[in-house]
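Biologist: Can you walk me through this one? Keep it short, please.

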Amino acid sequence: MGVKNDRVKFNVGGRVFETTSTTLANAGRDSMLGAMLDENWNLLDNGSEKFMDRNADCFSVILDLLRTGELYIPQNIPEKLLYREALYYGVLDHVRSAKWGQFDGNRLRLSRSVQGQAPGDGTAIRAGPDGGCCVAHGCMVHVYDWMLDQHNPLNLDYQRVNDVGWVDPNNIVIGVSERLGRGDGGMGLFSSHNGELRYKFHVSHENHVKSYTAGALSFSSDYKIFSSCKGRSNEYGVGVWDQVTGKQVDFFYEPLGWSLGDADKLQWLEGSNCLLVATMFPRKDNCYISLLDFREKKMVWCWSDVGATLVVDEKRVRDAIAMEGNRSICVVNEFEELGFMDLRSSAAASVRWSSRSRLMKGKMPEEPCYPKLALHGGQLFSSMNDCISVFCGPEWVLTSRLRRSYGGSICDFSIGGDRLFALHSEENVFDIWETPTPPII
């Protein structure tokens with residue numbers, strides 16, 4: 001990129017700054033500063049100084065970032081003010097990437113904690129694609145942007161929220177329970193900014209629209225939304241909708257003697273074009289894990305502990321996650337003991353428990369939260385009580401733990417937007433963990 005060092009002057013709020021087209025080019029073509037350069041990265045107007053009625057202190061920080069690649073925010077500049085100015089100049093992504101390093105579970109540091117609006121158990125927390133999050137609490141969903149400013153909460157009219165998920169930074173899907181006699185429940189697409197209901201996702205059975213309870217959610221890269229469904233007739237199974245049109249495109253009915261409609265977790269597997277459906281104890285007396293192929297309309301892999309001899313309760317599966325890279329499913333019990341099942345086996349798989357990964361010793365707390373699993377960037381995460389463990393390597397060795405004493409046990413956590421969010425049960429507080437940028441040598 002042949003950039004001439006054409007000097008340019010800015011008058012920002014009465015203060016004069018001088019820089020070069022080389023520095024402005026670092027802002028990128030899509031930025032306001034980059035738009036001042038032509039296709040050869042030369043200044044379009046090399047005349048007098050350019051006046052902008054903006055905050056001069058913030059401009060100084062942004063200009064220094066473009067020069068050096070380092071972000072230094074003086075104590076007299078509120079971060080939100082800097083973010084607002086960076087958004088104006090079109091360099092917000094530069095500020096964010098300079099503030100946060102690439103996500104690494106072994107380098108996470110507690111950034112801050114946010115107190116919820118009401119005490120009691122939260123249902124779920126979901127990380128947004130841009131670093132924000134949403135928290136389901138009873139019939140409410142609280143939405144936070146990446147600066148952790150709360151938007152208008154979504155009140156689902158006293159219907160319990162079972163799951164929530166992000167379609168994109170502007171829209172979220174919420175699944176709620178049906179209320180008998182009201183004919184409501186199901187799923188809806190809402191604006192994450194103002195809570196406006198865009199449209200509802202209906203379930204049709206024999207050409208009739210049915211009311212249903214929407215449970216666990218999952219999303220695919222080809223704009224499909226999956227949800228476990230329970231109706232009052234035969235609408236037990238997993239529904240599929242087009243997230244663009246809101247129309248139902250498929251439904252996998254629950255086979256006799258199996259459990260799909262009560263699923264705790266759905267996970268779309270891009271590599272195999274299958275859906276993991278897991279129903280765990282204590283929602284049901286037994287655990288059911290299966291892979292569904294919607295193209296063939298069949299269950300291509302399944303496992304259940306029905307009929308298994310359980311000497312101790314510790315072998316009860318509390319969560320499951322598919323690991324496409326090594327063709328296995330990881331499960332966890334209430335003592336955070338990890339187990340693995342081979343997806344390549346066509347026969348009923350058995351769980352290979354890894355006793356060396358056990359982390360809990362002694363008695364469980366009086367109000368424990370069942371462990372959750374997540375896989376991100378080749379690292380495995382497992383929550384247990386008030387901490388989250390990180391496992392790495394081909395043998396999934398414990399490499400670090402994230403612990404925060406305030407708020408009680410962790411009832412849910414989620415990773416996205418280069419952040420990890422952990423929701424505590426007792427004080428309705430959630431923590432934000434971030435990876436600091438590596439030191440510049």
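Modeller: Helices (H or I, at least four residues) and strands (E, at least two) are DSSP runs, numbered from the N terminus. This is a predicted model: local features need pLDDT of at least 70, side-chain atom pairs count only at pLDDT 80 or more, and totals for chains, interfaces and linings use all residues. Residues are numbered from 1 along each chain as its sequence is written, and side-chain values use heavy atoms, leaving out hydrogens and water.

Biologist: Which residues of α3 are buried?

Modeller: In α3 (residues 79–89), they are Leu82, Tyr83, Glu85, Ala86 and Tyr89. Buried means under 20% relative accessible area (1.4 Å probe, protein chains only).

Biologist: Where do they sit around the axis?

Modeller: On the same side of α3, because they cover an arc of only 165 degrees. That arc is taken from the directions from the helix axis to the C-beta atoms.

Biologist: And what covers them?

Modeller: The cover includes β1 (7–12), β3 (50–52), α2 (56–68) and α4 (92–99). Contact means heavy atoms within 4.5 Å.

Biologist: Which residues of α3 meet α4?

Modeller: Glu79, Tyr83, Ala86 and Leu87 meet Leu92, Val95 and Lys99 in α4.

Biologist: New topic. What is the strand order in the open sheet of four strands?

Modeller: The order is β27-β28-β29-β30, with antiparallel pairing. Two strands pair if DSSP finds at least two bridges between them.

Biologist: Which strands stand at the edges?

Modeller: β27 (373–376) and β30 (397–403) do; each has a single partner strand, so one side of each lacks a neighbour in the sheet.

Biologist: How many bridges join β27 to β28?

Modeller: Four. Alanine 374 stands opposite phenylalanine 381 in β28.

Methods. Buried means under 20% relative accessible area, exposed over 50%, partly exposed in between (1.4 Å probe, protein chains only).
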